[in-house]
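Please have the sequence and the structure open as I speak.

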Amino acid sequence: MKPAPFLFAVVTGLSFALGAEVRMETKVFHIPPDFLTWSRPSSSGGAASSDPFTPVPADPFAPKAAPVPKPSLPNSKDILEAQGIQFPEGSSVSFDPFTGILRVTNTKANLDLVDTFVGAMKDRGPINLSFHLQTFQLPAAAATVLMHATTSTADHTAELERLVKAAADPASNVKAVADSFVRTKSGQRVRIAAERQHTYISEADVGKDGHLHNLAQEIRGLGFNVEIDPVLGPDGATIDVNIASTCASAPPDEGSETSTDLLSGKGFTTPTSAFHVKTVQTALSLISGSSKLLNIWKPTGKPEFETGDVRWVSFLTARKVPVETLPRVHEVPGAAGRALPEGWKSLAFPIPSHLQITDDETFGRARGEGVEECLQRLGAQLPAGSRAGSTPDGQLLVTSSLDALANVSEIVWGMTQRMPHGLAFTFHTIRAPSALMRPLVTQAQPTSDQREMLRALLAAVDQGKAQCVDTSYTETKSGWKASVNSITEQPFISDFIGRPTPKPEDKAATPPKKAGHARGPEFEMLPLGTKIELDPVLGPDGTTIDLTAAYKRHTAPPEERWLEFRDPAHSSMYRLPFLDSHQASIETSVILTDQGTQLLGVYRPSGVNEDVLEAVWVTAEVTQLVSQKITKNATENPDVIDPDDPTLHTRVFSVPRDFIVSVSSSESNKDASKPHVESNNRTDAKSILHSKGINFPEGASVIYGAATSQLIVRNTTANLDRIDDYFRDLDAQLAKNLSFTLHLFEAPGPVLRRLITERGAIQDHRPMLDALRAAADQRQARSLSTLRLETKSGQRATASDGIEKPFISEVGISDDGQPFINHAIRTLGPGMEVDPVLGADGWTLDLNIAIRYTTAPPEDYTLRYTDPPTGHELTIPQFRFHQTETTTAVTLQDGTVKLISMWKPTGPAFDGKDVLQCALIEGHVVTAK
């Protein structure tokens with residue numbers, strides 16, 4: 001309970017009255033990043049704070065009103081004082097929201113109160129829950145001993161550790177059968193599976209004519225499938241778990257059965273499948289960090305299980321994992337070019353350099369103001385000798401004392417909180433030997449960030465000890481769903497025989513799937529590859545990300561099986577094809593932090609005969625959108641502009657074609673209350689600019705080219721900036737189109753993964769586009785396609801560049817006995833669909849976009865089967881299609897480029913190769929001039 005503030009006033013007053021020395025101590029606290037978002041009591045009196053995003057007047061050169069008080073930035077001292085913590089003379093407090101470090105100098109009693117307050121904050125911070133399900137095979141006698149050892153104990157961690165150690169010994173009779181690791185939130189159901197999708201016959205119908213008229217198929221997942229529904233208890237340590245687990249100890253037993261047709265008395269034969277599936281469904285409570293023996297059973301389906309007396313045992317480990325904020329600033333050694341005073345550092349803050357200049361003085365640097373002056377005006381207390389500027393990669397660089405840097409960090413954090421944000425996600429899937437992967441999973445389970453584990457396995461990939469089987473990337477906005485898919489569409493027969501068309505009076509008969517379709521196969525496409533769906537929400541602290549994700553990947557090529565049938569009308573057997581696929585899937589909801597990496601899941605891939613595990617990571621980034629349009633007209637942009645500098649410079653401005661007429665007309669009718677008087681004086685460009693308050697000193701000039709719609713102005717830098725502001729406002733009143741250019745590239749996986757890392761959080765990815773173009777020129781990358789589309793704000797538009805490929809969608813014999821073949825059309829090549837909205841500022845573009853691309857040419861594929869009614873061997877030519885699709889919503893600025901998607905392409909040419917493809921979108925506002 002918080003002590004009453006007046007008690008501190010009494011104690012402190014007595015201390016000073018008696019002349020006693022108040023001893024100060026310094027303590028460092030690590031706290032959540034939303035510390036500065038805690039409510040603070042509003043200050044009494046004074047004018048209300050102005051809205052920093054209030055629209056500017058229509059005339060930017062009108063006399064400015066008296067300045068209003070600027071909105072105060074969050075202050076750590078105010079928040080602590082609101083909790084009853086006092087700060088006597090000599091005390092201090094500083095908080096760095098980028099590192100989560102709170103440093104307090106105060107009396108021991110007050111520090112104890114801060115400690116209690118921080119502990120309460122951590123209890124309410126974001127928490128994930130991790131679950132590790134491990135299955136082992138061991139002798140039955142050992143399983144019996146294990147059962148008795150765990151009967152009366154709540155925590156079975158010691159027994160699990162002994163099994164893990166024994167399984168790592170090749171000479172041991174203990175064998176690790178499966179591993180499933182997954183992470184989720186309290187109250188959020190999570191599912192992880194790695195299974196063979198086995199197709200089998202669930203129904204066979206025989207008509208009056210003795211022929212099979214319908215074969216119904218179903219799919220059974222065989223492998224390991226775990227579904228957990230957890231809830232963290234109010235004590236913060238107990239985890240209540242509802243769990244359902246299914247595993248197949250062996251492949252299904254394939255057989256057949258012969259039954260007698262009730263009408264004809266003849267026998268018909270259909271294939272059967274017997275499944276060796278073990279299930280457990282239960283509810284239990286675990287203490288965070290403990291393990292529980294979940295179940296023991298005897299496996300079946302293999303000779304070694306019948307001849308050897310063995311058992312399978314499963315252990316579940318549950319753990320609470322608080323999400324810790326990662327540092328978002330980094331030290332720049334030697335950035336100052338000289339030795340720094342003791343206690344000083346040079347830190348780079350993640351804020352793009354062009355955010356340092358903006359017309360909104362409550363947000364950033366105004367024209368004519370240095371970076372240091374801007375920071376001091378915003379409340380930074382920079383001692384003498386401090387410097388502020390930008391790094392080559394566009395970050396804010398400040399060299400100063402530790403106290404001042406913490407103060408700057410609070411200011412920068414407050415600035416970035418008011419900026420529009422995007423969310424970028426990179427998924428890595430790595431396959432590695434179990435002996436390498438399993439210890440890393442155990443080490444990563446209690447940690448909130450698995451960046452080091454990912455780095456270790458990527459290093460193993462470079463050394464040839466592991467394989468990066470997939471990398472996917474996409475960016476979206478908070479609250480918007482996004483998806484990125486890279487798949488091969490595999491044709492298969494989904495139905496072999498259609499029912500005959502029922503007679504009108506036969507109302508009980510099942511209606512046909514297609515009118516006039518008597519019999520014949522129907523074809524569908526099975527998507528094989530990687531499919532990722534995201535639904536992220538950015539928290540109010542600007543750092544925490546609540547992510548709901550569905551991940552699906554096929555771990556091995558599909559397998560075709562041939563099954564034999566015989567209906568009563570035939571004495572011979574005929575064969576039909578069935579397709580099985582190998583699929584891993586993760587459905588979860590986790591909490592991430594900016595720049596953080598989470599291990600989403602680990603599983604043993606189906607269809608792979610090696611002793612390997614696959615792990616899936618996601619790295620999240622909060623990207624920031626620039627708030628100020630970068631002037632494209634300016635030929636010079638000095639860091640500091642002296643309004644009294646008489647030096648003349650030249651700039652070229654693009655203006656509307658009817659610039660003179662439209663502006664003159666609007667000026668003459670500006671005041672509707674006054675009578676309109678026609679003027680015989682011809683208005684020129686210089687007069688128009690002069691009427692806007694722009695001076696033309698001696699030597700200044702204006703040249704207007706009506707044919708080229710260009711205005712060449714020679715004037716001082718200050719006046720040129722005013723002209724630029726005027727035309728920017730004039731542009732906002734003109735009709736605009738929006739143009740988008742899609743750039744598609746292919747490059748080696750290491751190259752694109754490095755470019756993702758190096759691009760940083762800056763929204764303009766043009767340097768990445770330039771790097772890919774340069775790599776393509778040197779044949780180190782390949783430009784796949786460029787597609788351009790222009791539309792209006794609020795108008796959906798589409799564009800494609802490719803061919804329309806016909807393929808067989810249905811083959812059969814109609815009711816009147818005529819054979820038919822139906823075709824469908826698949827569009828191949830690049831394509832995009834955009835639905836843009838231009839922001840009120842005239843340069844921000846909110847864009848919903850869907851792109852597709854054919855990663856490889858269609859692959860010839862032949863479907864063969866035996867037609868049941870005739871017994872004929874038939875072949876149907878088909879194609880495998882290799883496609884990628886991305887749907888997302890992003891925000892970009894006029895003239896900027898954004899990386900929106902990256903994927904691993906499918907197709908025979910990419911099998912076993914570490915090659916990636918990516919898509920970048922370039923947006924422009926096209927003003928009618």
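What you see is a predicted model, in which local features need pLDDT of at least 70 and side-chain atom pairs count only at pLDDT 80 or more, while totals for chains, interfaces and linings use all residues. Residues are numbered from 1 along each chain as its sequence is written, and side-chain values use heavy atoms, with hydrogens and water left out.

The chain contains 15 helices and 37 strands. Of its 929 residues, 50% are buried, where buried means under 20% relative accessible area, exposed means over 50%, and partly exposed is in between, using a 1.4 Å probe and protein chains only. If a contact is taken as heavy atoms within 4.5 Å, then among the chain's contacts with a separation of 6 or more, 72% join residues 24 or more positions apart.

Now to helix α15, residues 766–777. Which residues of α15 are buried? They are Met-768, Leu-769, Leu-772 and Ala-775. These four cover an arc of only 125° around the axis, which places them on the same side of α15; the arc is that of the directions from the helix axis to the C-beta atoms. Their cover includes the strands β28 (736–748), β36 (897–903) and β37 (915–927), together with helix α14 (749–758). On the face turned away from the buried side, α15 carries the exposed residues Pro-767 and Asp-777.

The phi of Arg-779 is near 60°, a positive value in a residue other than glycine, and at 80% relative accessibility Arg-779 counts as exposed.

A second case is Gln-595, in the loop between β22 (574–593) and β23 (597–603). Here too phi is positive, near 70°, but Gln-595 is partly exposed, with a relative accessible area of 28%.

Conventions: Helices (H or I, at least four residues) and strands (E, at least two) are DSSP runs, numbered from the N terminus.
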